[in-house]
Amino acid sequence: MAQFVLTCCSTADLPAEYFEAHQIPWLAFHFTLDGQDYEDDLGKSVPFDQFYDRIAHGAEPVTSQVNISQYEACWEPFLQDGKDILHLTLSTGLSGTFNSACIARDQLLEKYPERQILVIDSLGASSGYGLLVDTACSLRDAGASITEAADWITQHRLGLHHWFFSTDLTSYLRGGRISKTAYAFGTMLGICPLLNMDHLGRLIPRDKYRGKKHVIQEIVKRMEQHADGGLDYSGKCFISNSACYADARAVADLIEARFKKLDGKVMINSVGTTIGSHTGPGTVALFFFGDERKD
């Protein structure tokens, strides 16, 4: 029996079947789309293809984070059952949900002082956050104590690389990250921005490439440069995508061809409705363990 309960949020962008199979309770972010409120329930209420199609036709979803009462409602039954909790959150560089989790933790520990609730900022997002949850799950299943698992995750979270590219600049324009002029010229020239996550868990633009084929090659080069052991990398690799599976598959095929010692096949997931509300369609994200993210 597991020594502790591992929980996370929907923004880990892993399938519901994964969470169920690995006994990981998860909490849903929320979003509003065309005036209607939804839970980010991993594509159940609004299937991902419909969600991104609506964005492509002008919808502008607004997201909200997991709140204190949600955390308390999720965690208290486990505490009542005498179990400790390890929770990983979406990066504080993107959301304030870590603070809500900490407030809920403190309030619950007043009622259950004999229990432990450890809350860790993943400094990650999407299936990179998910890969960290997967690692914590493996530690739990291998018999690690809650403290041992929390210490490992804290010490290694900056070794989890997040690289993203986008072939659709519409959400960059809507979010005010580029001007109308830059959007027009970028779209005309097929410019694809390449971003990564820094040591504070923020998304940072790094380069711009002309053409999808070029940026696909470049994102794989980043893995060659930064992965543990280079081409001898033997860890797991996750990819997420927002309504552009063919592009994600192209990246995965290159990785599986070049990295012969991978721990299994590349896992390809969908970018969920919370993260996808900000990226829009056309984003591919690559996640792997490597050298420490510095800035």
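Let us begin with Arg249, which counts as partly exposed because its relative accessibility is 24%. Keep in mind that the model is predicted. Arg249 forms a salt bridge with Asp253, and the closest N and O atoms of this pair are 2.9 Å apart. Asp253 is partly exposed too, with a relative accessible area of 40%. Both Arg249 and Asp253 belong to helix 10, where they sit 4 residues apart, about one turn of the helix. Elsewhere, salt bridges with shared partners bring Asp207, Glu218, Lys221 and Arg222 together in one network.

How many salt bridges does the structure hold? There are 17 salt bridges.

| Pair | Closest N and O atoms |
|---|---|
| Arg115 and Asp84 | 2.8 Å |
| Arg249 and Asp253 | 2.9 Å |
| Lys261 and Asp232 | 3.5 Å |

Take the pair of Arg115 and Asp84, joined by a salt bridge with its closest N and O atoms 2.8 Å apart. Arg115 lies in the loop between helix 4 and strand 7 (117-121), while Asp84 is in strand 6 (residues 84-89), so this pair ties together parts that are 31 residues apart in sequence. Is Arg115 buried or exposed? Arg115 is buried, and Asp84 is buried as well.

Next comes the pair of Lys261 and Asp232, whose closest N and O atoms are 3.5 Å apart in a salt bridge. This pair links distant parts of the chain, 29 residues apart: Lys261 is in the loop between helix 10 (245-258) and strand 12 (267-270), and Asp232 is in the loop between helix 9 (212-226) and strand 11 (238-241). Lys261 counts as partly exposed, at 48% relative accessibility. Asp232 is partly exposed, with a relative accessible area of 46%.

Ser234 is also found in the loop between helix 9 and strand 11. Ser234 counts as exposed because its relative accessibility is 51%, and the cut-off for exposed is over 50%. Which residues does Ser234 touch, not counting those up to four places away in sequence? They are Lys261, Leu262 and Asp263. Ser234 and Gly264 are 30 residues apart in sequence, and their C-alpha atoms are 9.0 Å apart in space.

Now for the helices. Two packed helices are described by the distance between their axes and the angle between them. For helix 9 and helix 10, the axes come within 10 Å and cross at roughly 40°. Helix 9 and helix 10 are therefore oblique to each other, and their crossing is right-handed. On the helix 9 side, the contact is made by Lys212, Ile216, Gln217, Ile219, Val220, Met223 and Glu224, which meet Asp247, Ala250, Val251, Leu254, Ile255 and Arg258 in helix 10. By class, the residues of this contact divide into 8 nonpolar, 1 polar and 4 charged.

Our last stop is another helix pair. The axes of helix 3 (residues 68-80) and helix 4 (residues 97-111) come within 9 Å, crossing at roughly 40°. That makes helix 3 oblique to helix 4, and the crossing of helix 3 and helix 4 is right-handed. Among the residues of helix 3 in this contact are Tyr71, Trp75 and Leu79, and those of helix 4 include Ala101, Ile103 and Leu108. The contact of helix 3 with helix 4 has 8 nonpolar, 3 polar and 4 charged residues.

Technical notes:
Residues numbered from 1 in each chain as written. Predicted model: local features only at pLDDT ≥ 70, side-chain atom pairs only at ≥ 80, totals over all residues. Heavy atoms only, no water. Axes fitted to C-alpha atoms, helices over the stretch in contact; angles between N-to-C directions. Helix = DSSP H or I, 4+ residues; strand = E, 2+ residues; numbered from the N terminus. Parallel < 35°, antiparallel > 145°, perpendicular 65-115°, else oblique. Left-handed = near helix turned anticlockwise from the far one by under 90°. Contact = heavy atoms within 4.5 Å. Nonpolar A, V, L, I, M, F, W, Y, C, P; charged D, E, K, R; others polar. Salt bridge = Lys/Arg side-chain N within 4 Å of Asp/Glu carboxyl O. Buried < 20%, exposed > 50% of the residue type's maximum accessible area, 1.4 Å probe, protein only.
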